[in-house]
Amino acid sequence: MKFPFSRTLKSPTSSPPQQGTGLGTFGGVYTPSILTILGVIMYLRFGWVVGNVGLLGTLLIVTLSTSITFLTSLSICAIATDRVVRAGGAYYMISRSLGIESGGAIGIPLYFAQAISVALYTIGFAESVVEAFPQFNQQIVALITTVLVAILAITSAQVAIKAQYFIMAGIALSLLSLLFGHAVDPNTSIEMWGAKPENSEPFWGVFAVFFPAVTGIMAGVNMSGDLRDPVRSIPTGTLAAVGTGYAIYMVLPIILAMRADASTLIAEPLIMQQMSLWGPAILVGVWGATLSSALGSILGAPRVLQALARDGILPPWLRFLGTGSGADDEPRVATTVTLGLVLVAVAVGDLNLIAPVLSMFFLTTYLVLNLAAGIETFLRSPSFRPSFRVHWSLSLLGVIGCLSVMFLIDPLSTIMAAIIVFGIYIWLERRELESAWGDVRQGIWMALVRQGVLQIDYTPDTKNWRPHILVFSGAPTRRWNLIEFAANLTHNRSLFTVSSVLPSGSRDTAQQVEMEGTIRDYLERRGVQGLVRLTTAPDLFTGVQRMVETYGLGPLVPNTIMLGDSEKPALRERYCQMITNLHQARRNVVVFRDAGDRGFGRRQQIDVWWGGMQANGSLMLILAYLLRTSIEWRGAQMNLKLVVPNDAAAHAARSNLEDLIQQLRIGAIPQVIVSNGRPFNEILRRSSENSDLIFLGIAQPSENFSVYYQRLQAMATGLPATVLVLAEPDFAFSEVLTETTSITRN
């Protein structure tokens, strides 16, 4: 069922055109990425990291963090060189690979992570300003800085990108000043494992604080819609930034460990200023790095939000967030909304509190990006042809690395993140959003179906038997009770196909495919999960025969054919011949006689007219049990009715029925009826006139089957909805009933 706020995406071009604005690899990817990597964590928390875990611990953290980022970068490169990555960056990649629901489930947390990153960087900037000028209020400085950065982003992304070149020069100057600086304490010895345990933070807690320092690869990816050639620029710029960042982060801990002891490194956030050749250069670097990182995040987050709104991920009342402004289609509305969110985060004002939260969001995004690339590569779909090839095992290693680190940092937060992502996914799934692009899920299901079909035995077994139903309904709107009855028997666990026979020449192939789609949509609107298959034939009977002979895949074929009854005397002979042919083809035949406006009544009483455990009797009990355990018929009373000639036979029959019902555990109520010479027709009508559904067996077809079937129809005329059952020959349905778990609903 589609919800009123779901949105169908007609075409990728339904959103405003997203042409690249001319940014190249250096300016559009490498520069924002490296400036985000060399940011606030490096200047204000790197000394704290070294002091807590020592030189070796820091090098391990840097290597482990960068390894995860590097593996994710490889996955990003594979996806980016297979398709043009438009605005939305990581969200765009995931949604086009794993589907719109998966993209939205990650894209929404990713947006919040990018937005909160702005607060991380502006708080870091304010902290460094207050360190240099104690008379200032840190929170006010952070708030003012956030507003100014947002104004710059709203004004022009081009201006913001150009400003980053000057910032990069300032960072380079600060690093050179640090490199040629001096020790704070000349007698300092390198501490390999950091401060004493009672004075230090745990390793994974320190890792969580540091990890956002290597997440700068998102800054370049998020600008994908503004790149001249994203297919070339994203891989080159991203890998270059990761390599540069790793080299710098491996050198800096050595310098810090050689020039100050652990306690000093922990206590002094701006320890780099004290040990540099020219102290103010560090302030220039800190301010430049924090402002550039904040600028990169304030440019990226609104673009993710804009893409989410344009793809219909957000509710309709938030669709205005997809609005673009100016010739460059800049997300000024989304930037304004993001600013409000960032100001709230800034008000929290704790750098060490915000950083671990960001780590969890980014790790979740990295995990899914690796998963998307790994699945695409593993399936080897002809449509996935990246020029930058990565073996699926590397992407899988990235998935394992992200998941392991998430649990090591904080198992509870990992579980909460999973619940949030899964909750968003379910919300989007319920909205039944439709996308105009294909995704990897079809390939996954195809691989699973292939493997599953190959594992199915051609000889059915009684333990796993279920009715795989092929129902010939004609127009579904006219025989909906027939379709609903069939669907209730499947419990959404067996094959269920709605079919119809069209006159030869009445539809061409294209019209037939379109008609199948119309029927599928109708079934979905009525809450029924099923397949649809139409065929053309000179007449109904020939069409049914053809469909039964050809429909299926290997051993997975319909074992139960369900028909509506035919009351036309002129067609009775051919109708009975069709039933005979289906029986000879080793199929169960179920004929459903509708009760018209009465429908299924109250769905409270099911009568099964019992003739013993032979094939028909056992199959009727199985079908009645499955119906009674469906949602629509749950709680209905199932009566097992047996007719005996006299009172002498009634006592033994009743005892046998009670023992049988107890043994089979089907919850039926035994009812033994003494005929006393009355015809079965009269007994049936009087006993079941208030029932909601009746099960009757059909005798095996013989020479005069059409005469027998005419009498059966006359007997059922005027009764409530009636199901006539003819079981497949030579299949032990009684063993299905005696299996302990064969038809228990999962």
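Modeller: The count comes to zero disulfides, where a disulfide is a pair of cysteine sulfur atoms within 2.5 Å. Among the cysteines, C77 is buried at a relative accessible area of 0% and C576 is buried at 3%, buried being under 20%, exposed over 50% and partly exposed in between, with a 1.4 Å probe on protein chains only. This is a predicted model, in which local features need pLDDT of at least 70 and side-chain atom pairs count only at pLDDT 80 or more, whereas totals for chains, interfaces and linings use all residues. Residues are numbered from 1 along each chain as its sequence is written, and side-chain values use heavy atoms, leaving out hydrogens and water.

Turning to the helices (DSSP runs of H or I with at least four residues, numbered from the N terminus), α5 (residues 100-132) and α17 (residues 411-431) have axes that come within 8 Å and cross at roughly 135°, the axes being lines fitted to C-alpha atoms over the stretch in contact, with angles from 0 to 180 degrees between N-to-C directions. The two are therefore oblique, a class left over once under 35 degrees is roughly parallel, over 145 roughly antiparallel and 65 to 115 roughly perpendicular. Heavy atoms within 4.5 Å define the contact, to which α5 contributes residues including I100, E101 and P109, and α17 residues including V421, W427 and E429.
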